[in-house]
Amino acid sequence: MKMCVITAMLFLVLPGQCGILAGKVNKHKPWIETSYHGVIIENMDTVMLDPPLVALDKDAPVPYAGEICAFKIHGLEAPFEAEVLNRTSGEGVLRARGPIDCEQQKEYTFIIQAYDCGATPSGANWKKSHKAVVHIQVDDVNEFSPVFREPLYHATVTEGKIYDSILQVEAWDQDCSPQYSQICNYEIVTQDTPFAIDRNGNIRNTERLSYDKQQHYKIMVTAYDCGQKRAMESVSVHIDVKPVCKPGWQGWNKRVDYEPGTGSKQLFSKMHLETCDGPLSSVRAMVELQTSHIGKGCDRETYSEKSLQKLCGAASGSTDLLPAPSASTNWTASLLTDNGRDSDLIFRFDGRQAANIPEWVVPQNLTDQFTIATWMKHGPSPGLRAEKETLLCNSDKTEMNRHHYSLYVHNCRLVFLLRRDFIQLDSFRPAEFHWRLEQVRSPRGTLLAKGNGEPR
Ligand SMILES: [Ca+2]
Ligand SMILES: [Ca+2]
Ligand SMILES: [Ca+2]
């Protein structure tokens, strides 16, 4: 009897020699750790478990009873499954049943149990281990790029100021981890702007802005997550520059152009008083009008004769036919004058008197190119309408009946007569230039004529 027991024990420890007997006994349940910690990278299926998934069975190496047949997971919602890799060693693997999305769920906790293969090939009389807790953490993949919260940013700044922050832009990122979802950096994409942005999205100006120089800026800004993924689309930031409020009269121009004879004209129709919301006790305005002479025009009353010639484009080396009277220039001494100063003297001619300019002053023969510049205020004609009013005349010394050249007003025209071959006494070939000028017709107009024209 005692021998039989020993024999039976021998069969148990040597299952290969007596499979039938051994297969009927499954004494021990498998053993696993009490908890596991796993990590899975999102969108992958393999879970890295710590410690590794291994079930031990004290019945080993008895077939079935000492082998591991399954790991079962409890928790319907857990998208994981476990598979036995090696029944004898008890090694297993844990993997995802489908794609794991970190943005959906970052962690999973469930129960796992190991099952041995039972006492027989049919699996009868199997044993299961205790319940172990598995905690899975999903590792993030940087799938998403930053997106700005607003489609457009807008701010207004006052010129001349330096701001610490004009405005703050903000981007966000859909990834599940701080590393891949936090915004680590912002950047201004537009080149050469007077703005800078910090890592929190605060935009500041790097120099004082001038409303007169530029009233509007448009800059593009991008963002990076902490995984260095850049926003797919930059955002537009519009910055308007507002002028500093300057109290005073506004909406008027210093210069007003007025054409003589066009009737009355409102000078400051859009003028208003800007008080910049300051208190106002009384308003006193004084308007002073100055005739500012027409730019580069020939302004007889402001410029000296020399400056005038320059302005009118008269050639250098010109001859002043009506200089102020002096010891050497006495031919203007008897003329009526206004109260002008020496170089600005205005002579008055009434049709009865003239200045005889000495021969040495006047060119006898005008060259191919010459300019005659004259300024006059043409009063009402004292005589008949058809009478010639001569401004300048060079004639024969005797009789004075042949004009070599002459500038005169006749009817409504300014006429210049030129006879180039006056030395030949028998020939008479004058050329006449006629200008129909508005100034000549107007009795009070100002006359300015340059002696360049085509023979009529
Ligand atoms: Ca067992
Ligand atoms: Ca992700
Ligand atoms: Ca990201």
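Okay, let's start in strand S14, where Ile 203 is the bridge partner of Ile 197. Before I go on, keep in mind that this is a predicted model.

So what is around that pair? Strand S13, residues 195-197, runs antiparallel to S14, and three bridges join them. The two strands form a hairpin with four residues between them, and in that hairpin Gly 201 has a positive phi near 90°. S14 also pairs with strand S10, residues 167-168, again in the antiparallel sense, over two bridges. There, Gln 168 sits opposite Asn 202.

Let's move to the inside. In soluble globular proteins, nonpolar side chains tend to be buried together. Here the largest nonpolar core has 23 residues, and those with the most contacts inside it are Ile 40, Val 47, Phe 71, Leu 94, Ala 114 and Ile 136. Strands S3, S4, S5, S6 and S7 each supply at least two residues of this core, and S6 gives the most, with four. Take Ile 40: beyond its neighbours within four places in sequence, Ile 40 is in contact with several residues, including Val 47, Ile 100 and Val 138. There's also a second, separate core of 17 residues, and Tyr 153 and Val 237 are among them.

Where are the cis peptide bonds I want to show you? One runs from Asp 50 to Pro 51, with omega near -5°, and another joins Ala 60 and Pro 61, with omega about 5°. Pro 51 is in the loop between S2 and S3, and Pro 61 is in the loop between S2 and S3 as well.

Then two positive phi values in residues other than glycine. Asp 192 has phi near 55° and lies in the loop between S12 and S13. Gln 228 has phi near 70° and is found in the loop between S15 and S16.

Last stop: Pro 430, in the loop between S24 and S25. Pro 430 counts as partly exposed, because it has 16 C-beta neighbours inside 10 Å. Pro 430 and Arg 419 are 11 residues apart in sequence, yet 4.3 Å apart in space, C-alpha to C-alpha.

Key. Residues are numbered from 1 along each chain as its sequence is written. Chains are lettered from A and ligands numbered from 1 in the order in which they are written. This is a predicted model: local features need pLDDT of at least 70, side-chain atom pairs count only at pLDDT 80 or more; totals for chains, interfaces and linings use all residues. A nonpolar core is a set of buried Ala, Val, Leu, Ile, Met, Phe, Trp, Tyr and Cys residues joined through C-beta atoms within 7 Å. A residue is buried if 20 or more other C-beta atoms lie within 10 Å of its own, exposed if 12 or fewer, and partly exposed in between; C-beta atoms are placed from the backbone. Two residues are in contact if their C-beta atoms, placed from the backbone, lie within 7 Å. Two strands pair if DSSP finds at least two bridges between them.
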